[in-house]
Amino acid sequence: LYNPTGNEVPTDILVHELVHARQQKDKDPDEWWKRYLTDREFRQEMETEAYHVQWVFVNQKFGSKAARGCLDECSDKLATLYQLGITRARAETAIRKYGSAKK
């Protein structure tokens, strides 16, 4: 986890990053990053899963009010930080439905 400030990383962010560690397990790191940086659908899949797990963690650990705030923040990040061309509403739906979409 890149943390140049050295500040303590919130637990829900660590949970998010652990998803990325699992996604990369047993894969060539250079190839994974190349695909992440060049393949918009792959990047969206990787981040949606990580944000979904983060949101579920917050809901289980801190309750629904905190989870609502987390979902708002995660949706905003997914819609704006990754150049995915999706709306905040679409990002929220993708995060909420990720687990059920995979069953």
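Accessible areas here come from the Shrake-Rupley method with a 1.4 Å probe, and for residues only the protein chains shown count as cover. On that basis, the protein has an accessible surface of about 6,900 Å², with 52% belonging to carbon and sulfur atoms.

Colleagues, this is a predicted model: local features need pLDDT of at least 70, side-chain atom pairs count only at pLDDT 80 or more, and totals for chains, interfaces and linings use all residues. Residues are numbered from 1 along each chain as its sequence is written, and side-chain values use heavy atoms, with hydrogens and water left out.

I turn to the fold. There are five helices and zero strands, where helices (H or I, at least four residues) and strands (E, at least two) are DSSP runs numbered from the N terminus. The C-alpha trace spans about 40 × 30 × 25 Å along its principal axes.

Next, the interior. Of the 103 residues, 36% are buried, meaning under 20% relative accessible area with a 1.4 Å probe, protein chains only. The largest nonpolar core has 20 residues, and Y36, Y51, W55, L78, Y82 and I95 touch the most other members; such a core is a set of buried Ala, Val, Leu, Ile, Met, Phe, Trp, Tyr and Cys residues joined through side-chain atoms within 4.5 Å. Two or more residues each come from α2 (29–38), α3 (40–62), α4 (64–80) and α5 (88–101).

Which residues does I95 contact, leaving aside its neighbours within four places in sequence? They are T48, Y51, H52, W55, L71, C74, S75 and L78, a contact being heavy atoms within 4.5 Å.

Notes. Buried means under 20% relative accessible area, exposed over 50%, partly exposed in between (1.4 Å probe, protein chains only).
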